[in-house]
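Have the viewer open as you read.

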Amino acid sequence: SGLSSEMLPGPYPRTPEERAAAAKKYNMRVEDYQPYPDDGLGYGDYPMLPKRSAHERDPWYQWDQPDMRHNWGEPMHWDFDMYIRNRFDTSPTQIPWHTMRKHFLVFLSTMLIMFGIGQFYPSYRPVGPKQYPFNDLYLERGGDPNKEAPVVTHYEI
Amino acid sequence: MAAGPPPNAAKGYGPNQFVSLPAELDPADYDASPEKRRAEAERLAIRAQLKRQYQLQLNSPNPPTVIEDPALLRWVHAKTQNVYPTFRPTRQTSFRGALFAIGPILFWMAAFKIERDRKEKLIREGKYERPFSVF
């Protein structure tokens with residue numbers, strides 16, 4: 001790439017000068033720039049942007065990249081590839097989230113419980129063993145044709 | 001029995017880790033204090049500068065083959081090459097590393113060993129009927 005090492009991400013900024021330089025590097029205001037907490041997880045000085053998906057961005061604005069709804073040089077979220085429009089959508093829902101979750105869980109648990117009960121206590125019409133003709137298919141099952149077949153009757157008169 | 005008063009909209013539609021707050025319910029959206037306006041103006045200035053740089057490259061008489069996006073390059077670099085230099089073994093990271101990286105290996109080693117030993121014992125005792133199947 002054509003970027004010098006000052007323009008690439010680096011370690012966590014410790015002094016205010018480093019923070020200002022990092023904010024300038026990422027094209028952000030110094031007040032807006034907030035790096036991830038220094039927990040040693042590997043974020044470095046990458047800014048922590050609000051977790052908003054691409055669905056929430058203005059669909060009518062002339063973005064430089066309309067499919068990503070992203071402008072040239074704008075700092076990208078760490079999970080940018082999760083927040084594209086094919087994937088995770090954080091836009092506010094029409095129905096409150098906990099209502100949707102409650103309805104979904106009620107439906108799912110009801111269905112699972114009914115299926116579970118049906119597994120252990122199956123319910124079907126009475127059945128009996130299958131009855132085959134010709135003395136329970138004596139010859140077809142390899143019985144000796146010279147011997148007398150055991151007579152099997154499936155009826156009672 | 002009549003229903004009680006409808007629940008507070010802000011409580012119902014509040015943000016959680018899956019959805020964000022609607023702009024209509026956000027009080028910060030309604031204040032137009034001078035500080036906020038100055039901040040918005042500064043952000044707009046940065047955005048306009050970036051837009052200008054991009055448009056100059058896009059509409060120049062000899063446009064480059066590929067207009068590199070430094071934000072994209074920084075993002076890629078941060079996620080691939082900047083993780084190892086900035087990683088630091090702390091209590092949290094060591095615990096997570098042990099749980100998710102070493103744990104499954106040890107678990108599956110133990111699981112397979114126990115399963116194989118059990119089957120071997122059954123075969124030795126003659127209790128296990130080996131299935132004769134190509135599948």
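At 27% relative accessibility, A:Asn135 counts as partly exposed (buried is under 20% relative accessible area, exposed over 50%, partly exposed in between, with a 1.4 Å probe and protein chains only). A:Asn135 lies in helix α3 of chain A and has a positive phi of about 55° although it is not a glycine. Most residues other than glycine have a negative phi.

A:Phe134 also sits in helix α3, residues 133-137 of chain A; helices here are DSSP runs (H or I, at least four residues), as are strands (E, at least two), numbered from the N terminus. A:Phe134 has a positive phi of about 55° without being a glycine, and its relative accessible area of 63% makes it exposed.

## How to read the model

This is a predicted model, in which local features need pLDDT of at least 70 and side-chain atom pairs count only at pLDDT 80 or more, while totals for chains, interfaces and linings use all residues. Residues are numbered from 1 along each chain as its sequence is written, chains are lettered from A and ligands numbered from 1 in the order in which they are written, and side-chain values use heavy atoms, with hydrogens and water left out.

## Where the chains meet

In the interface, 41 residues of chain B are in contact with 52 residues of chain A (contact means heavy atoms within 4.5 Å). The area buried between the two chains is about 3800 Å², with 58% of it from carbon and sulfur atoms; buried area is the accessible area (1.4 Å probe) that two parts lose on being put together, summed over both. B:Phe18, B:Arg74 and B:Trp75 supply 19% of the area that chain B buries against chain A, more than any other three residues.

## Salt bridges

There are 17 salt bridges over all chains, where a side-chain nitrogen of Lys or Arg must be within 4 Å of a carboxyl oxygen of Asp or Glu. Five salt bridges cross the interface of chain B and chain A. One of them joins A:Asp64 to B:Lys51, with the closest N and O atoms 3.0 Å apart. This pair runs from the loop between α1 and α2 of chain A to helix α2 of chain B, and both residues are buried.

A:Asp32 and B:Arg43 meet at 2.7 Å, N to O. A:Asp32 is in the loop between α1 and α2 of chain A and B:Arg43 in helix α2 (residues 34-58) of chain B, so this pair joins two chains.

## Aromatic pairs

Which rings form a cluster through ring pairs? They are A:Tyr26, A:Tyr33, A:Tyr36, A:Tyr43, A:Tyr46 and A:Trp78. Rings of Phe, Tyr and Trp (its six-membered ring) pair if their centres lie within 6.5 Å, and planes under 30 degrees apart count as stacked, over 60 as edge-to-face and the rest as tilted.

Over all chains, the count is 13 aromatic pairs. The rings of A:Tyr43 and A:Trp78 have centres 4.7 Å apart and planes at 65°, so this pair is edge-to-face. The two residues are 35 residues apart, each in the loop between α1 and α2 of chain A. A:Tyr43 is partly exposed at 23% relative accessible area, whereas A:Trp78 is buried at 10%.
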